[in-house]
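Hi,

Here is the structure I promised to pass on. Have a look at it first, and then read on for what turned up.

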Amino acid sequence: MNLVLTEEQRELRDTVRSFLVAASPLPDVRRAAESESGYDPAVYRRLNGELGLAGLIVPQEYGGAGAGYAELAIVLEETGAALLPGPFLATALATILLTELGDKELLPDIAAGTTVATVALDGDRALNGAEADVVLMVDGARVRAVRGGGRTPLTTLDPTRRQARVESVAGEAVASSEAGMERVRDLFAVAVAAEQLGVLRASLDAIVAYSRIRVAFGRLIGSYQGVKHKLADMHCKLEQAESIVRNAAWAADEAPGELPLAAALAQAYVGRACFEVARDSLLLHGGIGFTWEHDAHLYYKRAKSDEVLLGPPRIHRARLADLLEL
Amino acid sequence: MNLVLTEEQRELRDTVRSFLVAASPLPDVRRAAESESGYDPAVYRRLNGELGLAGLIVPQEYGGAGAGYAELAIVLEETGAALLPGPFLATALATILLTELGDKELLPDIAAGTTVATVALDGDRALNGAEADVVLMVDGARVRAVRGGGRTPLTTLDPTRRQARVESVAGEAVASSEAGMERVRDLFAVAVAAEQLGVLRASLDAIVAYSRIRVAFGRLIGSYQGVKHKLADMHCKLEQAESIVRNAAWAADEAPGELPLAAALAQAYVGRACFEVARDSLLLHGGIGFTWEHDAHLYYKRAKSDEVLLGPPRIHRARLADLLEL
Amino acid sequence: MDLEEYRRRARSWLEANARRSRDEDDPGADGVAAAKAFMADLYDAGYSGISWPAEWGGQGLSQAEERAFAEEAKDFTLPTYVFSIGLGMCGPTLVDLGTPGQKARHLRPLLRGEEIWCQLFSEPGAGSDVAALQTRATETEDGWVVSGQKVWTSVAQHADWGLLLTRTDVDVPKHKGLSMFVVDMHAPGVTVRPLRDMTGRAHFNEIFFDDVHIPAENLVGRVNDGWNCAVTTLLHERLSISSGVGMGGQKDNPVAFEALRHTVDTGDHLVRDQLVELYIRSRALALFNQRLAQETKAGMFPGARGSAAKLLLAELSMFQADLATSLAGPEAVAYEDDGRLAGSISLAPALSLGGGTNEIMRNIIGDRVLNLPPEPRVDKTVPFKDLKTGTRQ
Amino acid sequence: MDLEEYRRRARSWLEANARRSRDEDDPGADGVAAAKAFMADLYDAGYSGISWPAEWGGQGLSQAEERAFAEEAKDFTLPTYVFSIGLGMCGPTLVDLGTPGQKARHLRPLLRGEEIWCQLFSEPGAGSDVAALQTRATETEDGWVVSGQKVWTSVAQHADWGLLLTRTDVDVPKHKGLSMFVVDMHAPGVTVRPLRDMTGRAHFNEIFFDDVHIPAENLVGRVNDGWNCAVTTLLHERLSISSGVGMGGQKDNPVAFEALRHTVDTGDHLVRDQLVELYIRSRALALFNQRLAQETKAGMFPGARGSAAKLLLAELSMFQADLATSLAGPEAVAYEDDGRLAGSISLAPALSLGGGTNEIMRNIIGDRVLNLPPEPRVDKTVPFKDLKTGTRQ
């Protein structure tokens, strides 16, 4: 089991982090989220061009970098922490699905960044469903790629990520594999947990930083145990969440037998921890955290949206119970 | 609904409280608990003689005071707060059972304090089962009074209250009433919740008092938000627990239709709150709270024992769900 | 007239005159006009300022009648939102502390709904710590000139008058250099800007004061005694919140137990148990609130114990919105309908922040209910000009 | 010899010499004699003090060998409980700070198990706040005289030597007037009294010092530099706890997930979900501990982050004992069997109190991991004699 980043992985993390800090700071995120497409295509082009992230886990033979899920988790943690708007997670999920099922048709264009793909998660609801070129629709073990059809944008709690209801029209059959789809669902859980880890970390970082500069009653608020002890508990959640995500990503790469349990644990623990930390971060900011102009609510809304993205949270606990044979 | 004590009720509370402070302070409780019978019979005689508590809710025609459950709850809160060892709760439960089912044989002796009675709670386990003169054994809707039979003392977590396994031998039939037994079970829940309220309050009082005199790092520990905010949360539990117990006792006296829900709520809320407060009180005392000589562990152990006295806590939640028709 | 008779008459007036529909947070110009008309009727019927002094336009009756009317009114929805700050906080402060001239000028129009009031205490750098405020009032020949910024001001967009707390001396510790004024919200230099909150709507405003002139007779209380005046106002605020004025009930709340039980799948035992948890918490708080109300009726003033009810309500509000969205799953956060669940989770933090944060409530409970030793304070002795405040270093 | 070979040899020695049974908290006189015999064997085989300097009786090898042996030893139960304080804390402190004479006299007998050590820091009035201790050491012609009381002292009933922290100057702030000594536990005036804890057993002792003479050469470090010495000891304590020395695993724990899953009714969905919660918490902490261990192996010292693991372990310990008793119901607290569940709920608070309370852990995480601003301190500048401590007013 490998829970500590290698030097190459730390470099990947630092590269993505620096890129996002420069190319997609939060004021830009807000502007992009309110634009017509909901994201900044130029940032996406650079993300895929300079950094090659669209093809990160795509096998080299299809034009990708052939990296592992540990690397994908690192990138998703950073895009989560930056609240990068647009279809990065959507395309990552689609890529996971296609890579695992061995598709050869769509992967090259996705890896090249020329096709935006997404997955209809519970029947017909898809992240960035209105913006995507291709929607992968799952029907039991069968997957088909839908290019046209009606797309009905939904109103979302999270202003930085759109969703749409996708009309279930005919499409090319991609593949069909029951075992494959089981694994794909676990990998979705890992991917979302990685993003949640990033949201959790950024929420905690924000309130830690604020606690070092905000004064109330003549003292920095971080010096009050009422704040300090809460932050300490939030830090404990971060430490555990990170350990769980690393373990799940390692299992995805190296220990397929351990993946189901590791993935269910990741959703069950990290989803809740992320929301709790984002909520407490917002509350500890005081009144300013309740304003639209402050970023706390963006993390809070992303955290709540991510917590339920793969279904009501109890399904992950039920899955854990099944896997543990309780 | 009446959630506030009347003047007479406040007087009753003050009388019982003063009596217990003088007649059964905690050093005496420890001595009595380690004595052969596990309690001080002299204190019991005075409790029943001077204060007439054994017959508190027994109808006047059987030699009792004919008071209501609101009054019984007030007394149980005080005996709980004082951790009075011995069969007071046991006899109270037996009295509830006999009063509700309209027994005429046993009540006069119980009211006079000459008979110690108890109830076998789940088949054959009874509070003070070894010390009691009479054990009421419940079999469905039928109740019989057993005077002899084998009594096997159990080891108890709580040093201040004994339990025994009671051999199920023949005994006089007391009564049989399905509806009556339903109500009796609800009244048991209210009685135990009243005791729990007392344990909760005494645990909180102890740590509040200690926080005002104990210094760490040059400051009284109660001035640290790490302590103060926890105590504030514990106080919120006390306020709610008291409201819930008053409501349940009122329902027992005045609104039989509301009793089942009020009683289930009392066990579901107060049992947990009492343990949590006793636990946090112990922990906030620091190392001294872990010693045998300190009283914190007596409250902690009583709280845990009371929490499971009427069965695993989840049954009260399940009952709430049923009553709410969820 | 005995209380029961009073109550009966109040009820029949309400049945004839009040709507039962939902009050709106921001009624717009038409809504304000309608609200003012209703308020005039209410006043003329003798139900505005029931326990206020008759001398200044009130009815001069007791708290008993005031409470009786409030209890009857709970079944109706009165369009009194825009008047709630004036009726609950500003007016009572003037009754307690105003000059005879101020009372004569302001109280009757306030009670009759002719003039709307707002309260101007909080600032960006002075939230929990209101006494750290920076808005300056400088004395002139014929009054004062005020500059600074206020925030979290409800109904300011409709307000004619404001109750303003300012700093008048920076050379003394922060609590000792404040003064309170009545300020004309239409005066030159007053700018009201809606403040968009995390729900995406503007429930509050920011107010900018730019050399605003205030006549000398508008001072409330004594110069530099503003902190004590503000404590009076905040006491009225707390009473007003705990008596339910200006706060929506749980009736229309889509995440409250009664609503949720009909929308979730209680066939799932875990869901069922989570609803039980919600019932337990809701009922525990409701019973506590009822006990406080009964104590108050019996003449026992709950004082700081009300802060426990406020804290618990804030936590319940967060808990139930969180629970409802978790139970609903993806549909709660991406929807084609009116988004009631998403709205509730966006609004849920409000009660934990407004009217004192949860941390402040815990301090109050610890200090004033449990009599715990106070936190050592550095800000009570340092001259304000030397004190760190907000994020100013 | 390469590490794998070292590991293989260690394992085969352990298989030939170590038991796999449970170590006992209080082994009694026979147990102590057996433990000493085992320790002598361990030393002679070269597995005691593996990374300690060869000069003083150690093996002079690296941390890699030390860790390799510890990992192999995890599968066995070594009867080293009575030596754990000496090996984990007192010895390493002497290696760092002892005089050559102290090292020569004490380290080899300690490593060979000939002499047992205890640590004497905590007092009734100085728990979390160790530097507030009151035990006085007064200088005499040929050394020091010590009077005072210590508490929470493990293995003192068997100890030959103690590492003692005392106050040597009351006119300076509390951290600046402490000194550390090696004290002979058999010296006249030393009284060891078992301390009964809430489990009803005596896991600890109280020690009374009544004019105990300590020779001058037993001073560790410099006079009045005892706080820095104590920090060294406490650092070794934390390392020793986090590396698992002296701490029981979860294997035999009746309230841990693996035990509980076989004893509760998972047919009840609510019980099943509570076991899931226990699994989640246990596994989350286990993975965090594994990550810390991997980081340490990779040369990244976790430092204060270990306090998060300690805090989480304390909370988990409380949670699982509470859960297990709640699930079991009445049988957990009144029983005819060995009372494993009752025992666990009695012992559960221990981890939240020993080795720093949960509040202290949160302070450490806040101050040293998150770099939050410190609490204002009144006790760093006041002379000790003017300072409030414990419950002394």
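Let's start inside chain A, where 36 residues of domain 1 of chain A are in contact with 35 residues of domain 2 of chain A. Before going further, keep in mind that this is a predicted model. If you want to find the two parts in the viewer, domain 1 of chain A covers 7-176 and domain 2 of chain A covers 179-323. Their C-alpha centres lie 21 Å apart.

How much area do domain 1 of chain A and domain 2 of chain A bury between them? It comes to about 3,000 Å², with 64% of it on carbon and sulfur atoms. On the domain 1 side, A:Arg30, A:Glu77 and A:Leu83 are the ones to click on, as they supply 21% of the area that domain 1 of chain A buries against domain 2 of chain A, more than any other three residues.

Eight salt bridges are counted between domain 1 of chain A and domain 2 of chain A.

Which elements of domain 1 of chain A make up the side that touches domain 2 of chain A? Helix 2 (26-34), helix 4 (69-81), helix 5 (88-101) and strand 2 (125-127) of chain A each supply at least two residues. Helix 4 of chain A gives the largest share, nine residues. By type, the residues on that side of domain 1 of chain A are 22 nonpolar, five polar and nine charged.

Now over to chain C, which is divided into domain 1 (3-116), domain 2 (118-234) and domain 3 (249-369). I looked at the pair formed by domain 2 and domain 3 of chain C, whose C-alpha centres are 32 Å apart. Four residues of domain 2 of chain C are in contact with five residues of domain 3 of chain C, and the two domains bury about 350 Å² between them, 71% of it on carbon and sulfur atoms. C:Ser128, C:Met198 and C:Thr199 supply 93% of the area that domain 2 of chain C buries against domain 3 of chain C. Between these two domains of chain C there are zero salt bridges and zero residue pairs in polar contact, with both residues at pLDDT 80 or more. The domain 2 side of chain C has one nonpolar, three polar and no charged residues.

Last stop: chain C against chain D. A rotation of 180° with 0.0 Å of shift along its axis superposes chain C on chain D, with an RMSD of 0.1 Å. The two copies are therefore related as by a two-fold rotation axis. Both copies use the same surface, since 100% of the contact residues of chain C recur in chain D. The contact takes four residues from chain C and four residues from chain D, and the two chains bury about 400 Å² between them, 75% of it on carbon and sulfur atoms. In chain C, the residues that lose the most area to chain D are C:His269, C:Leu270 and C:Asp273, together 74% of what that side buries. The interface of chain C and chain D has zero salt bridges.

Cheers

Note on methods
Residues are numbered from 1 along each chain as its sequence is written. Chains are lettered from A and ligands numbered from 1 in the order in which they are written. This is a predicted model: local features need pLDDT of at least 70, side-chain atom pairs count only at pLDDT 80 or more; totals for chains, interfaces and linings use all residues. Side-chain values use heavy atoms; hydrogens and water are left out. Domain bounds come from an automatic or database domain assignment. Contact means heavy atoms within 4.5 Å. Buried area is the accessible area (1.4 Å probe) that two parts lose on being put together, summed over both. A salt bridge is a side-chain nitrogen of Lys or Arg within 4 Å of a carboxyl oxygen of Asp or Glu. Helices (H or I, at least four residues) and strands (E, at least two) are DSSP runs, numbered from the N terminus. Ala, Val, Leu, Ile, Met, Phe, Trp, Tyr, Cys and Pro count as nonpolar, Asp, Glu, Lys and Arg as charged, and the others, Gly among them, as polar. Copies are superposed by least squares on the C-alpha atoms of residues with pLDDT of at least 70 in both. A polar contact is a pair of N or O atoms within 3.5 Å; within protein, one must be able to donate a hydrogen and the other to accept it, and residues adjacent in sequence count only if both atoms are side-chain atoms.
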